[in-house]
Each structure stands twice: as structure tokens, then as C-alpha cells.
Amino acid sequence: MIATSPERVGTAAAAERPRRTGASTVAVPPCGDRSRTAGIRAKWVRPVVLACLVATVTGGCGLPAELDRERDPGRTHVPDRASGPDPLVIEVPEPEPSNSVPVQQGRGCPPSGLRLDIGPVDAAMGLRGTTLTLTDCGERPYKVNGYPAIAQVLDEEGAPIAGVHSVVGTDKVPMAPADPGPEPFTLNPGDSAHAVLYWRMAAEPGVYVRVAPQKGQEAVTLRVPDHLDIGPENTLGTTAWVPAS
């Protein structure tokens with residue numbers, strides 16, 4: 001039997017007595033009493049869940065929903081996209097650009113050092129003509145001797161127009177001016193040369209022309225300011241390059 005000091009017994013008893021404060025106290029059951037703990041938990045959880053469900057149905061559970069109703073009673077505010085997609089907003093995707101034909105850039109000098117440009121179309125009594133310009137925009141001289149090489153005439157979608165034949169000279173294009181013929185010359189950096197395309201009016205428009213400075217060289221695609229009304233069956237004649245005056 002262990003003897004206990006009266007002073008220690010009094011101190012332990014005082015420690016076990018709850019302190020009196022202004023707030024009311026709640027007796028918590030021991031951890032081993034699972035039935036009483038579950039009963040208290042059920043008494044508190046059921047009313048809280050029920051209240052939240054009712055509040056959710058009638059306009060949201062919690063203070064933020066109530067503040068939203070006070071700020072915007074007419075529900076005219078559009079939710080911020082950063083907080084998530086709005087199921088009531090139908091997003092229409094941007095249309096894909098229809099023009100996917102790779103054309104020569106409008107400005108600057110290509111890596112080849114040679115730039116091709118095409119002018120507006122001139123019309124007279126069914127005869128059509130447009131001018132090609134070849135410019136040495138590089139740093140080295142360029143020798144010219146011959147005709148521009150027309151590879152294809154394309155429609156708006158970039159498809160070749162059937163039956164269009166490109167020929168050297170203008171003899172096969174009725175009423176076209178005579179071709180002066182080729183003469184060799186040299187383009188120094190900054191110089192330009194001209195050649196003219198001729199054809200007879202037809203129904204189908206040619207929107208793009210693929211052309212190379214001379215035969216055997218790489219072709220570039222040019223968009224015609226005024227379309228070539230050349231298809232579907234027609235002949236496209238070219239004059240030789242001449243130095244620009």
C-alpha cells in the first residue's frame with residue numbers, strides 16, 4: 001500500500017476540477033464510449049447537411065452566394081473565364097483562313113537575291129496583259145538571257161487551272177504585240193527587268209501565277225492584283241526579259 005501525501009491529493013483534485021469561466025462547458029465523452037460519440041456527431045451533422053442542401057437548391061450554400069445575389073440581383077454578370085467555362089455560353093471557334101497558298105512575301109529580298117513582282121491587268125478588246133518585274137535585290141550581278149518560266153496558273157484554292165498552256169513568245173496569242181526576242185544583259189544590284197504576259201479573255205479566273213526568273217530555276221507564287229481571266233482552256237504567251245528603262 002502506497003502512502004499519499006494530503007498536499008499532493010489536494011493538488012490533484014484541484015487540477016481535475018474544471019475552471020469556472022464565462023463560457024459554458026460541454027462534457028466530452030471518453031474515447032472508449034463510441035456509441036455516445038456517434039450519437040452526438042449524428043445530432044450535429046444531420047441538421048447541417050440538411051440546411052446546406054436547402055440553401056444550395058434556393059441559390060447557393062454560404063455567404064459568397066448571398067453576396068453575389070446582392071451585388072447582381074438580375075444575374076447579368078458574366079462569370080470570369082479564369083474560374084472555369086460557363087455552361088450557358090456557346091463558344092464559336094474562329095474560322096480557318098481559306099487562303100493557304102504560300103506566296104512570296106510582299107516586301108524584302110528573298111534568299112536568292114532575285115525578286116519577282118506582277119502588275120495589274122490591262123484589257124483591250126478581249127486581249128489581256130500584265131507585266132512581270134525581275135529585280136536584283138541581292139549583292140551580286142545577275143545575268144539574264146531568255147524568258148520568264150511560267151510553271152502554273154492557280155485558282156483561288158491553289159489548284160492548277162486545267163488546259164492553260166504557257167508558251168515562249170506571243171505568236172500563239174491573237175492580237176498580242178510582237179515579242180522583241182531575247183538579248184543577254186546583266187542586272188546589277190538594284191536593277192530591274194520587265195517581261196509581259198499576254199492571253200485572251202476567258203471565263204475562269206486565275207488568282208495566282210507560279211513563275212521562275214528563267215527556265216530551270218526555282219519558281220515562286222505571285223498573287224495577281226487583278227485576276228487572270230484565262231481558263232479553263234487558253235494559251236499564255238510571254239515576251240523576253242528586257243532591261244527596265
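1. Helices here are DSSP runs of H or I with at least four residues, strands are runs of E with at least two, and both are numbered from the N terminus. On that basis, the protein chain has 3 helices and 12 strands. The model is predicted.

2. Some totals for the protein chain come next. Of its 245 residues, 28% count as buried. Take the contacts with a separation of 6 or more: residues 24 or more positions apart account for 73% of them.

3. What is the strand order in the open sheet of 3 strands? The order is β5-β9-β10, and the pairing is antiparallel. The edge strands are β5 (149–154) and β10 (220–231), each of which pairs on one side only. On average, neighbouring strands of this sheet are turned by 35° against each other, direction ignored.

4. Look next at the pairing of β9 with β10. Strand β9 covers residues 204–212. Its antiparallel pairing with β10 runs over 7 bridges. Which residue of β10 is the bridge partner of arginine 210? The partner is threonine 221.

5. As background, most residues other than glycine have a negative phi, and most peptide bonds are trans. The peptide bond from glycine 231 to proline 232 is cis, with omega near 0°. Proline 232 sits in the loop between β10 and β11 (234–238). Glycine 231 falls within the range of β10, whose residues are 220–231.

6. Methionine 125 has a phi near 50°. That is a positive value in a residue other than glycine. Where does methionine 125 lie? Its place is the loop between β2 (122–124) and β3 (127–136). Is methionine 125 buried or exposed? Its relative accessible area is 73%, so methionine 125 is exposed, the cut-off for exposed being over 50%.

7. Methionine 175 also has a positive phi, near 70°, and is again a residue other than glycine. It lies in the loop between β6 (164–168) and β7 (185–187). Methionine 175 counts as exposed because its relative accessibility is 54%, and exposed means over 50%.

8. Then view the bridge between arginine 210 and threonine 221.

Key: Residues numbered from 1 in each chain as written. Predicted model: local features only at pLDDT ≥ 70, side-chain atom pairs only at ≥ 80, totals over all residues. Heavy atoms only, no water. Pairing = 2+ DSSP bridges. Axes fitted to C-alpha atoms, helices over the stretch in contact; angles between N-to-C directions. Buried < 20%, exposed > 50% of the residue type's maximum accessible area, 1.4 Å probe, protein only. Contact = heavy atoms within 4.5 Å.
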